[in-house]
Amino acid sequence: MSTATRTERMQRVLALLETKDSVHVSELADEFAVSEVTVRTDLAELARQGLVARVRGGVRGLQRGQSELAFDVRLHLQAPEKRAIAAAAAAMVGDGESVALDSSTTSYYLALELRKKREIVVVTNGLLNAVALADSPGVNVLVTGGMFRLPAMSVVGDPAGDVLRSTRIDKGFVGVRGISVDRGLMDLNPEEVQIKREMTAACEKVIAIFDSTKWHRSALLSFLPAARLDAIVTDVGASDDVIHAWRSRGVDVTTAEPGRRPRHPERLPGLRPVTDDASSARRNH
């Protein structure tokens, strides 16, 4: 990574702190192929911005263990991949459908894509999702109630669950912090996990949307078993082995690459990308 820019190096540090207690100057210097002086300068800037805490020989996340980075920081990690994933996921939503979005950063990019849809209802606990869709003439937005959480810019708690338990939604799109065949979809914060459970329970179909850095990661809590998952939309960094493992369990996997059309599996029952002809036929039905 000797050609990485300072911004790219700093984003990589933040990404590492999502799964590690701390990172050290020497290991970063080796990974980036730069001097330790350069690494210390990068870490000093991250600390100045209040994104990390300095420790002897390196930095740690602001919360020990698996830290939850602020939404605006996570939004810029793997941004091109997330935009490509969002575009592929939006192609699965037809006009007139109801959709649930969690408060993940990939869901935010999906919300931006959904602005182009007509006569859809979006249920979300992500406040920035609601803001992104607020002035879209073809989108009605239902925001779940509850307690405001700043790190995720989300609303969580029992009132949110009350709304979701009385709602039936066509498709739900959720981000993850970790995923495995054994534990299913995982996340860190108990309150976020609870609303993801409520949200996915209200959906006819559940689609996981996440970039390839989440493969093989683990997280504190599971919120959806693998058997309940209908589809995955990820980027081309996913290995053939992991794609095959999920497809063999009946989960459709679509891979998207920035600047290119997404690679859909041969069969997408109920999730096939919507064409203009299909949308017209549904409206005329």
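A residue is called buried here when its relative accessible area is under 20%. Keep that cut-off in mind as we walk through this model, which is a predicted one.

Let's start with the whole chain. The protein has 285 residues, and 50% of them count as buried. Its secondary structure comes to 11 helices and 15 strands. If you take the contacts with a separation of 6 or more, 61% of them involve residues 24 or more positions apart.

Helix 2 covers residues 25-32 and helix 3 covers residues 36-48; their axes lie 9 Å apart, at an angle of about 110°. That angle falls in the 65 to 115 degree range, which means helix 2 is roughly perpendicular to helix 3. The crossing of the two is right-handed. On the helix 2 side the contact uses Val25, Ser26, Leu28 and Ala29, and on the helix 3 side Glu36, Val39, Arg40 and Leu43. Sorted by class, that contact has five nonpolar residues, one polar and two charged.

Helix 5 (residues 79-90) and helix 6 (residues 105-114) cross at roughly 50°, and their axes come within 8 Å. The two are therefore oblique to each other. Here too the crossing is right-handed. Helix 5 brings Ala79, Lys82, Arg83, Ile85, Ala86, Ala87, Ala89 and Ala90 to the contact, while helix 6 supplies Thr105, Thr106, Tyr109, Leu110, Glu113 and Leu114. That gives nine nonpolar, two polar and three charged residues in the contact of helix 5 with helix 6.

Ile85 and Thr106 turn up again if you jump to Phe210, as both are among its contacts. Phe210 sits in the loop between strand 12 (203-209) and strand 13 (221-224). Thr106 is 104 residues away along the chain, yet the C-alpha atoms of Phe210 and Thr106 are separated by 6.6 Å.

For a last stop, look at Val141, which belongs to strand 6 (residues 139-143). Val141 has 33% relative accessibility, so it counts as partly exposed. Leaving out neighbours within four places in sequence, Val141 is in contact with Val122, Thr124, Ala130 and Leu133. Val99 is 42 residues from Val141 along the chain, and the C-alpha atoms of these two valines are 9.7 Å apart.

Methods
Residues numbered from 1 in each chain as written. Predicted model: local features only at pLDDT ≥ 70, side-chain atom pairs only at ≥ 80, totals over all residues. Heavy atoms only, no water. Axes fitted to C-alpha atoms, helices over the stretch in contact; angles between N-to-C directions. Helix = DSSP H or I, 4+ residues; strand = E, 2+ residues; numbered from the N terminus. Parallel < 35°, antiparallel > 145°, perpendicular 65-115°, else oblique. Left-handed = near helix turned anticlockwise from the far one by under 90°. Contact = heavy atoms within 4.5 Å. Nonpolar A, V, L, I, M, F, W, Y, C, P; charged D, E, K, R; others polar. Buried < 20%, exposed > 50% of the residue type's maximum accessible area, 1.4 Å probe, protein only.
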